Amino acid sequence: MTNVGLTYLLLIVITYGVLFRISPGRTRQSLAVAGQSLGRLFPLLIAVFALIGLFQVYLPPEAIQQRLGAASGWSALVSGGLLGAVAIGPPVAAFPLAGSLLAAGAWPPAIAAFIVSWVSVGVISLPVEAEVFGLRFALARNGIAFLAALLIGLLVGVVA
């Protein structure tokens with residue numbers, strides 16, 4: 001666990017301790033809600049970390065650098081955006097995977113495009129979105145979101 005993780009955990013434990021003294025019933029209710037949320041996310045988190053393990057063992061860093069590395073330029077940026085666009089799940093699941101790709105040599109703008117695209121573009125959910133909002137709206141929203149992901153990736157490259 002990182003220092004940031006330990007700091008968050010310590011602050012949460014202290015907060016729960018203080019709140020338990022003020023309102024034990026509500027604090028127990030809060031813990032129950034937290035436990036339910038953890039129970040819903042636990043299978044996804046296990047899947048994401050298993051996927052990271054597979055990437056790290058079976059996908060050599062050279063392959064990641066070739067597809068998502070800085071030397072690939074625009075291709076890496078678009079690949080990162082496309083990879084995020086077909087992924088599905090809460091953003092919290094994208095961060096460990098993105099961190100693993102970054103550690104393996106991926107280009108930061110490609111990883112930024114991956115994360116933003118994961119959050120804002122929904123290729124898998126496109127049929128449902130088109131059913132609810134109409135095909136034209138769904139295609140326009142997803143297309144603009146994809147372009148925004150690429151632009152944000154480029155901006156991250158300028159800033160970071």
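A residue counts as buried when its relative accessible area is under 20%. All panels show a predicted model.

**View 1. The salt bridge between R141 and E129.** The structure contains one salt bridge. It is formed by the side chains of R141 and E129, with an N to O distance of 2.5 Å. Because R141 belongs to helix α8 (residues 135–159) and E129 to helix α7 (residues 126–133), the pair ties together parts that are 12 residues apart in sequence. E129 has a relative accessibility of 10% and is therefore buried, whereas R141, at 31%, is classed as partly exposed.

View 2. S117 is part of helix α6, which spans residues 108–120. The relative accessible area of S117 is 0%, so this residue is buried. When residues up to four places away in sequence are not counted, S117 touches G81, G84, A85, F146 and A149.

**View 3. The largest nonpolar core.** This core comprises 17 residues, of which I64, L68, L101, A106, F114 and W118 touch the most other members. At least two residues come from each of α2 (24–58), α3 (61–68), α5 (91–103) and α6. The most is given by α5, with five residues. In soluble globular proteins, nonpolar side chains tend to be buried together.

View 4. With neighbours within four places in sequence left aside, I64 is in contact with L59, G69, L101, A104 and A106.

Methods: Residues are numbered from 1 along each chain as its sequence is written. This is a predicted model: local features need pLDDT of at least 70, side-chain atom pairs count only at pLDDT 80 or more; totals for chains, interfaces and linings use all residues. Side-chain values use heavy atoms; hydrogens and water are left out. A salt bridge is a side-chain nitrogen of Lys or Arg within 4 Å of a carboxyl oxygen of Asp or Glu. Helices (H or I, at least four residues) and strands (E, at least two) are DSSP runs, numbered from the N terminus. Buried means under 20% relative accessible area, exposed over 50%, partly exposed in between (1.4 Å probe, protein chains only). Contact means heavy atoms within 4.5 Å. A nonpolar core is a set of buried Ala, Val, Leu, Ile, Met, Phe, Trp, Tyr and Cys residues joined through side-chain atoms within 4.5 Å.
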